[in-house]
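Me: I have a model open and would like to go through a few details with you. Could you start with the strand pairing once it is on screen?

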Amino acid sequence: MPESPLPRHASSVVIGGGIMGCSTLYHLAKMGVHDAVLLERNALTSGTTWHSAAQVRALRHSRNLTRMIRYSVDLYSRLEQETGQSVGWIQKGSLSLATSPDRLTHIHRQEALAHAYGVNARSVSAGEAQEIWPLMNGADVLGAVWSPDDGRVSPSDVCAALVKAARGLGARIFEQTGVTGILTRNGRICGVETTQGVIACEAVALCAGLWSRDLGAMAGADVPLAACEHFYLLTKPVDGITGNMPTLSDHDNHLYIRDDSGGLLVGCFEPMGKAIHPDRLGPDFAFQLLPEDWDHFEPMMQGALHRLPALETAQVKMLLNGPESFTPDNAFMLGETADTRGLFLGCGMNSVGIASGGGAGMNLAHCIVHGRTAYDLSEADAKRFAPVFNSLDHLMARAPEILGTHYDIAYPGKQLRSARNLRLLPLDAEHRAAGAQFDQVFGWERPLYFGQPNPPVLRFDRPDWFDQVGAEVMAAHRGAAIFDASSFGKIDVQGPQAEAFLLRTCAGQMDRAPGSVIYSAMLGPTGTFLSDLTAQRIAPDQYRLFVGTTAIRHDLAWLRAQADGFDVTLTDSTETYAVLGLMGPDAARIVAETGAPELNDLGYFQVGPAHIAGKHVRAARLSYVGEAGWEITCRSENAPAIFAALRAAGAVPAGLYAQSAMRIEKGFCAMGHELDADTTPITAGLGFALRRSGGYIGAGAIDAARARGDRPRILSLRFDDVAAVPLGHEPIYLDGQIIGHTTSAAFGYRVGAPVALGMLDAPQRGGTKVQVDIARTLWDATLVTGPLFDPEGTRMKGPRK
């Protein structure tokens, strides 16, 4: 029965008693929110947590996700000392097998990444792997990576320890208390309606797992996740298993394997999962399981029989089938929603909830208490999805594929296949006619490169698109190319206090005269990047902000949160306007021939009106690729006519791969690569773009950074060997020690060598010879201060993604 009585008010209410809810409640109490309340409609751990295989593997694809899981490991060991409650921590390591050359490259890249992030991992031979896991058939194993510090916990015991500690700090837990409504006033959380009464509150942490989407809808918020069936086999005791063993990862067979009560646990992430319609689960689903499905499991069972001969004679206890929730991009959702202030998400854990839960709960509590996560977790930002992804049909199509990606080889250029063509650019038909290959970002289909209508063969060495991207780069370098930037977010800021508002929210020179283009960072109180943008001042009381494709909901929500007290109007005009970047030495001739010779009179970082092909445009003189040109904004319906005129005058289409390669050669930073919420403009070498007069959010932290003598730590790298294929996130070595990691990488067609940008742990001199670890092979490179390619006549423009 629930604790009684239900309080009339709590500062924060946590909905959901699984690992994320229990961890968030614990950390809220630790951070001083002693009146926090957790509501669970059934009993703690019901739904998904109770049947988790509970593996805790430290390495993830980014430094901060890895940092977050390492925090979980530390927390789980600390909880036993803090509460006396065992969490069942078993640290026997994990062994990742490779049975194909590409998988071997993949796990070697993971090993290199582990070294960059301080995780203990090392390559072992097939023979050594057999010694670590003697029950396996290792005949086809090419090699493996051994991670001795990985382990597993008991999910129910972890939650019990978290709840025990939270109660000791004053937090309260109410089981058998369902949520029937989430109350809002003027777009803000004001309370929660339950089966036991109403609680007034200022913040809600939605950690309800499979049911989070429906609960979010109660508050007017999108929570795009869907459930899939997740299978693991349990056997009775098997000869040869004595005590606990490492987790065996046989990802070429889609399997994870470990001991369980003297027997075997054999789980899978099959190539295509089975979606679960929400109606199948119902409101009373708690500790139930879904029906066994041996036909679906059969292909994985064949792989398991090959890897584990002992399975042939093992007695099966059950094929466990439990629901897990998945998001459209395989990353969980954490932080305040774009739709409802005070509603914070901690859900969509994509089957890694136990490993992530300790650190994710800490960061969610930190976000509620301090207004930001403890470190950059933008890849998990709750605002990152386009609203179109909240469609149940799209989620049901995407979730099974996401389950299958867990054990994919991380080839560069790999694209998801499901739930595509949700948002089409104004020039989509033209791009398809030109043989474009697309990626999907924020729902938009964006051209990566042209002229190759067949999907590429994916590989780790020189990619299929190498020559085509080179031709597009050279078109921009020697003639003129058109880059479609229409997916950029666009925010119109209008009103008599537009300038004052932007001087507060942006760190750039927002008081420049109408007709100016301004690059600006948007900073948090710590002086680190929330976002960055290019602003066009159209009139004294009107600006248009251009932000990253994925940043529009985040940036618009943040700007609206700061707009109280300012007489301004903020409008999302993303779909109203298209943007075409015309770049290259022939761009001047082309604009003149197509009706806009006056654009040649614009100075750098100036914007002005004109007509191309008889259609009104507004063109900004700047460049993101190191070639002179304009970013041309027009109404979306006019884009085809303008594009056709530019093409007829000699410009050719170029895609995102060409743009990225040119950006890196030019040394331009990008959000999500070089720039994030842990990085200041000083560290990024963008201090020159900050307003010296201050007055913006984060100015005090920037002044402190200058006073400390902080210096830029992002440098360019040029590789000695043209055969190197860096992809980003590779460790950089100097004299045998890791001094940083690459953040972006490509082939530099204009300099004739592989190139990268790198974030260093401390400033280094240009000209320093270093080595870069690409899949455990060290490649020689040289650090370069400033751009690797800097043609006369171009100017810096703001970094954007």
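**Strand pairing and packing**

Reply: Strand 24 (residues 481–484) and strand 30 (residues 577–583) run antiparallel and are joined by four bridges; two strands pair if DSSP finds at least two bridges between them, and strands (E, at least two residues) and helices (H or I, at least four) are DSSP runs numbered from the N terminus. This is a predicted model, where local features need pLDDT of at least 70, side-chain atom pairs count only at pLDDT 80 or more, and totals for chains, interfaces and linings use all residues. Residues are numbered from 1 along each chain as its sequence is written, and side-chain values use heavy atoms, leaving out hydrogens and water.

Me: Which residue in strand 30 stands opposite alanine 481?

Reply: That is methionine 583.

Me: And what is the strand order in the open sheet of six strands?

Reply: The order is 31-32-33-30-24-34, with mixed pairing, and strand 31 (607–612) and strand 34 (652–654) are the edge strands, each pairing on one side only.

Me: Changing topic, where is alanine 58, and is alanine 58 buried or exposed?

Reply: Alanine 58 sits in the loop between strand 3 (55–56) and helix 2 (63–83). Alanine 58 is buried, because its relative accessible area is 11%, and buried means under 20%, exposed over 50% and partly exposed in between, with a 1.4 Å probe and protein chains only.

Me: What does alanine 58 touch?

Reply: Not counting residues up to four places away in sequence, alanine 58 touches Thr66, Ile69, Arg70, Val119 and Asp150, where contact means heavy atoms within 4.5 Å.
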